[in-house]
Every structure is written in structure tokens, then in C-alpha cells.
Amino acid sequence: MEMSAPLFKFGLFGEEASLVVAFAIGIGFGFFLERAGFGSARKLVAQFYLTDLAVFKVMFTAIVTAMLGVTYLAWAGVLDLSLVYLVPTYWGAQVVGGLLLGAGFVIGGYCPGTSLAAVATGRIDGLAYALGIVVGTVTFAGLFPWLGGLYLAGSAGTKTLPEVLNLPYGLVVFGVVLMALGGFKGAEWVEARFGGGGEKERP
Amino acid sequence: MTIPGRWSRLSLSQRLARVAFALGLLAVLARTERGRVVALDLKELATIIDREGDHVGAAEVAGWIVSGRADYRLIDLRSEKEYAAYHIPTAENVTLSALPDAGLLANERMVLYSEGGLHAIQAWMLMRAKGHRNVYTLRGGLDQWRDEVLFPTLAPDATGEERGRFERSVAMARFFGGSPRTGDKESTVARVPEMPKIEVSAGTASAAPKAGRKKKEGC
């Protein structure tokens, strides 16, 4: 079969059409976040109290599903994996940014995507959070001349697990699947231990 | 108990978990790379060339060097002697024949240049065939670098827009040890100016990163 994906890289649609595609994917993403119950800060924060690990389970399921899909599409010769965009590693920015995002998640009860899902369902706390994102983004842009060093610190290029671990691609895929299944098992155990079916989520 | 019998007693998530396990196990055999035999995608290459996605301009590379960008490698394909005489600051010397075995990573962004640009274009093709995707050539090679960055020329009958562009290129030319020239084209082109000495340490003189990148991919 002829390689034809990523669709954008093969010029199957242009810049403008890509925005429409991105919009449609975004709506789909928001829809499934909301359906999983992630439009509610209660549900999201429950994972930090170890009472409900749905966030972990849904996100890891999404990762495994996408990973298997991409693997099989590449194996079938439809998708050229080497053309898929990878976010380059910047240790400084990503470690600091990750910690900030985690802290914000615990305090605010949302991550950026879920806060927008919350706004869409009319939640006031979601709106406050989304406004915070706007203020934070503008502040960051204003302070960029001072933060630029951190932004680019620890540049390590694009790294993938098969390269770093020097293992065959398929083996890493299997490893991640095992990790996910083990994680789900562990999550169920944690929920039974700490959750006890107690606090039910209120709409 | 029969296998269908057992299967029907499982919950949906238990079934999905088993499917994921089976797919993951099978994926160990997956061959996701194109292998050693080169299969060039002609349509893809033609698309890239057609959209001018195979080269970068001299002024753009100059901007990258000034801002201290480190997410690409600038590669001088000329001989060691020519490289020693002059090279663009931050460039490393890898001759065309040494290029295939130079240990460059497939995901590294690299900008190739030669004197006039023809060798660089040939090298671009070689690197594409080797599976490198992030390869670009310096448009017009070192000749263009000389005319556009080191010694920009302002014709006497220049329009306002051309003058504006020239003003901006003056600082860039001085930074790289060149000098802007004014006068009509024939007289300046006739005598090729001396290339500057290569003691310019451009990497350290970086200011705050510029918004030089045209388009950012991803999120």
C-alpha cells in the first residue's frame, strides 16, 4: 500500500483546511472528556485523593489505543512514523512547566483541556480557570525576554523510547501495553482500598 | 469451560484489556520502518520541492545564528581547505563524500551549503534517500550568503522598500564581519570583495531568542 499519512505532510489538505480539521478534532476531544466526567473538578481531583482514578485510566487507555493504532497503521504501510511530529525535549522548560501544571491541576481542579470542557458545560470554576490560562499566557509572553533562557534550557532534541532504550519499536509498544494493564490493575486496587465507593460524584 | 464460555463471563473492560494485550504482543513483530532498501516517495519529494520546503534563505540562517539557535546543524560541504579559508560561523565541515557516514541522526535538522548550491542540492537528495527528513539547503549557497548577508548592495535607483530592507541588513552584515555596499550593481559585482576573517564567534553574541521561526508545528 502506498504511504499516505500523516495526511497533512503528504499535502492532502492545506493550511486553512488543517485548521478546520483541528477544530473538528478539538470538538471530539472535548466531547469525550466531558463524557468521561472530566468536566467536573470533583472527578478530576478525586484522583489526587486516590478515591477515583478514572483520569489515569482514561488517559492511559487513550495513549495505548493511539499507540496501537499508529503502530498497526505504520506496519500496514499507511503511516510514515518518521514524519509524525515529535515535541523536542527541553529538560528545563518541561520539568519546571510540568511541576507548575501539576500544582495548578491540584489547586484549580482542572488541566487546560478539561477546564474548557467545564466552560462548555457552564461551570463557573471552569470559566475562572480558563481566564487564568489567558492571564498566564499573556504574562508569560510579556516576561519572555527574561524567561527565554529557561524556555530553551536543556535542549536535547527529539527523543523516542526505542532510541533511548535501544530496543526494537514493537517491544517498547508491548512494554507500554503491559505497563498500562498493570497500572489499571493497580488503580483498581487503590480505588478499592481508598475509595470504598464512598463519595459519589454530584452533577 | 470452553473459551467462548469464559469470554462471555468477562466484563467489557476485561475483554478490552485482553484485546490490548494481544495487539501489544503481536506488535513485537511489527516492522514500522522502511528498512535498508531505499524507497523514495516521489510525490512527497516533489511536493516538498514545489512548496520550497527544501531550502532556507541566507538571511534566515543569519537570523538563526544571531539568536543562538541550537536546534539545527549547519554543514559546510566544501573541502577542508576552502572551509579553513572561510566558512559561515557555527558551520561544521563535512565533505560530500564523508556525508553518508558522518553519523548524523535521522531526526536532526540540518542545513547544507556548498559554494554555489549545486552540491548541497545533490547532498539533500542523498540525505533524503538515507531517510533524513529534516534536511534543508542554503539557497544559493555561499555565493548568496556573500551577496545577501556579508555584502548587501544598495543600487542608486533603489525604491523605498528596497532601502528599508537594506537598512535592516546593514547591522547583520557588520555582525558577520562584512560590509554593506552602495553603488550600481555592475561596478560592485565586478570586484569580488575579500571574505572576512573567520574569528567571528557568533554563537556567544546571542541576544534574546527572536521569533524567527516561520511556523511552529504541534501544539
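Guide: A residue is called buried if 20 or more other C-beta atoms lie within 10 Å of its own, exposed if 12 or fewer do, and partly exposed in between, with C-beta atoms placed from the backbone. You are looking at a predicted model, where local features need pLDDT of at least 70, side-chain atom pairs count only at pLDDT 80 or more, and totals for chains, interfaces and linings use all residues. Residues are numbered from 1 along each chain as its sequence is written, while chains are lettered from A and ligands numbered from 1 in the order in which they are written.

Visitor: What percentage of the 219 residues in chain B is buried?
Guide: Let's take the two chains in turn. In chain A, which has 203 residues, buried residues make up 18%. In chain B, with its 219 residues, the buried share is 23%.

Visitor: Which element gives the largest share of the side of chain B that touches chain A?
Guide: Here 26 residues of chain B are in contact with 29 residues of chain A. On the chain B side, the elements giving two or more residues are helix H2 (12–27) and helix H3 (42–50) of chain B. The largest share, seven residues, comes from H2(B).

Visitor: Is H3(A) left-handed or right-handed in its crossing of H2(B)?
Guide: These helices pack at an angle of about 40°, with their axes 11 Å apart (axes are lines fitted to C-alpha atoms, for helices over the stretch in contact, and angles run from 0 to 180 degrees between N-to-C directions). That makes H3(A) oblique to H2(B), since angles under 35 degrees count as roughly parallel, over 145 as roughly antiparallel, 65 to 115 as roughly perpendicular and the rest as oblique. A crossing is left-handed if the near helix is turned anticlockwise from the far one by less than a right angle, and right-handed if clockwise. H3(A) passes H2(B) in a crossing that is left-handed.

Visitor: How many charged residues are in the contact of H3(A) with H2(B)?
Guide: In this contact Val64(A), Leu68(A) and Thr71(A) of H3(A) meet Ala20(B), Leu23(B), Gly24(B) and Ala27(B) of H2(B). By class (Ala, Val, Leu, Ile, Met, Phe, Trp, Tyr, Cys and Pro are nonpolar, Asp, Glu, Lys and Arg charged, and the others, Gly among them, polar), there are five nonpolar and two polar residues, and the number of charged ones is none.

Visitor: How is H4(A) oriented to H6(A), roughly parallel or roughly antiparallel?
Guide: Helix H4 (residues 91–108) and helix H6 (residues 124–151) of chain A have axes 14 Å apart and pack at an angle of about 160°. With that angle, H4(A) is to H6(A) roughly antiparallel.

Visitor: Is Asn166(A) buried or exposed?
Guide: Most residues other than glycine have a negative phi. Asn166(A), though not a glycine, has a positive phi of about 55°, and its place is in the loop between helix H7 (161–165) and helix H8 (169–195) of chain A. With 7 other C-beta atoms within 10 Å, Asn166(A) is exposed.

Notes: Helices (H or I, at least four residues) and strands (E, at least two) are DSSP runs, numbered from the N terminus. Two residues are in contact if their C-beta atoms, placed from the backbone, lie within 7 Å.
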